[in-house]
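Visitor: I would like to learn how to read a structure like this one. Could you walk me through it?

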Amino acid sequence: MRSSDVAVMAAGSTATAVDVVGATKIFTVAKGAQVIALDTIDLSVAPGEFVSLIGPSGCGKSTLLRLIADLDQPTTGSVTVFGKSARQARVDQDYGIAFQQAGLLPWRTVAGNIELPLELHGTGKTARKARAAELLELVGLTDFADRYPEQLSGGMQQRVAIARSLAESPKLLLMDEPFGALDEMTRERMQNELVRICAETGAAVVFVTHSIPEAVFLSDRVVVMSPRPGRIVDVIPVALGAAEDRDDDLREAVGFFAAVSAVREALHGTPAGGAAGASAARGVETR
Ligand SMILES: Nc1ncnc2c1ncn2[C@@H]1O[C@H](COP(=O)(O)OP(=O)(O)OP(=O)(O)O)[C@@H](O)[C@H]1O
Ligand SMILES: [Mg+2]
């Protein structure tokens, strides 16, 4: 058992996975100009809940995820993860991360990269190898275990990063467009797998995507953001049923399309297809 598990239990198993309260992030850029990347963001994610962030390019999705991961600090407001400061949660490695760039270590093999979080937590060699093999199978890279990242395509590297983020079955996953570099078939397969993994491990997920159908398929709630300044403009609850019912048939179900329309309308600020929508939602895929 990890020290973080003890802390979570001490805080009560119902401790909110992520709690962002009044978080504002202001960047100072050239000539002292300021960019309000995030403006007074409030967001709570319950244990086991899947929340997607969607919105046009530059609306602050990655910035919000970076605050939760303690890769950057809010200008004002606070971020807690399982009741701890974001910093403490990072030190305790309470979550898995898969970001826009795969971020693999070039001098480690594929298997070596996946085993890294386990190594850092002192998992024995045999258990590490077994877990890496399991994860490599999951992401379809069993034959590439001994290759180095530079020998893989971008999509394959991204799958290694996803496998690494899952290595310790974390209770929280922070994912920034993790499937962006994948072909459509692999992407849908990874979405199906992610739903299954979350159901099995009870992981909460904060997931950034540009794809409305992806957000709808995966999420309990879709958080819609708008830029300049980055704000939450709507939160759409998606109730598409239990993980075991979320298969490929669901992608063609009436309820699925209704939820896709609801998110699209929230993004556009008008009914789907409205004139304001075309520019407001630039950078958001509707496929
Ligand atoms: N380190 C930084 N310094 C200055 N400005 C920044 C920095 N990081 C982000 N920004 C600005 O903050 C805003 C939000 O950026 P962010 O990367 O969070 O957007 P995003 O929603 O993730 O966009 P995308 O969909 O393109 O990934 C943008 O205007 C960006 O230019
Ligand atoms: Mg981003």
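Guide: Gladly; we will look at a ligand shell, a helix and a helix pair in this predicted model.

Visitor: Which residues are closest to ligand 1?

Guide: The closest are Phe27, Ala37, Ser57, Ser62 and Thr63, from a shell of 13 residues. Strand E2 (34-45) and helix H2 (61-68) are the elements that each give two or more residues to this shell. H2 has the largest share, with 3 residues.

Visitor: How many residues of the shell around ligand 1 are nonpolar, polar and charged?

Guide: By class, the shell holds 7 polar, 5 nonpolar and 1 charged residues.

Visitor: Is H2 mostly covered or mostly open?

Guide: H2 is mostly covered, with 7 of its 8 residues buried. Among them are Lys61 and Arg66, along with Thr63 and Leu64. Just after H2, Asp70 has a positive phi of about 60 degrees.

Visitor: And how should I describe two packed helices?

Guide: Two numbers do it: the angle between the axes and the distance between them. Here, helix H4 (residues 110-120) packs on helix H6 (residues 154-166) at about 30 degrees, with the axes 7 Å apart. Angles under 35 degrees count as roughly parallel, so H4 is roughly parallel to H6. Their crossing is right-handed.

Visitor: Which residues make the contact?

Guide: H4 brings Val110, Asn113, Ile114, Leu116 and Pro117, while H6 brings Val160, Ala163 and Arg164. By class, the contact of H4 with H6 has 6 nonpolar, 1 polar and 1 charged residues.

Terms used: Residues are numbered from 1 along each chain as its sequence is written. Chains are lettered from A and ligands numbered from 1 in the order in which they are written. This is a predicted model: local features need pLDDT of at least 70, side-chain atom pairs count only at pLDDT 80 or more; totals for chains, interfaces and linings use all residues. A residue is near a molecule or strand if its C-beta atom, placed from the backbone, lies within 6 Å of it. Helices (H or I, at least four residues) and strands (E, at least two) are DSSP runs, numbered from the N terminus. Ala, Val, Leu, Ile, Met, Phe, Trp, Tyr, Cys and Pro count as nonpolar, Asp, Glu, Lys and Arg as charged, and the others, Gly among them, as polar. Axes are lines fitted to C-alpha atoms, for helices over the stretch in contact, and angles run from 0 to 180 degrees between N-to-C directions. Angles under 35 degrees count as roughly parallel, over 145 as roughly antiparallel, 65 to 115 as roughly perpendicular and the rest as oblique. A crossing is left-handed if the near helix is turned anticlockwise from the far one by less than a right angle, and right-handed if clockwise. Two residues are in contact if their C-beta atoms, placed from the backbone, lie within 7 Å. A residue is buried if 20 or more other C-beta atoms lie within 10 Å of its own, exposed if 12 or fewer, and partly exposed in between; C-beta atoms are placed from the backbone.
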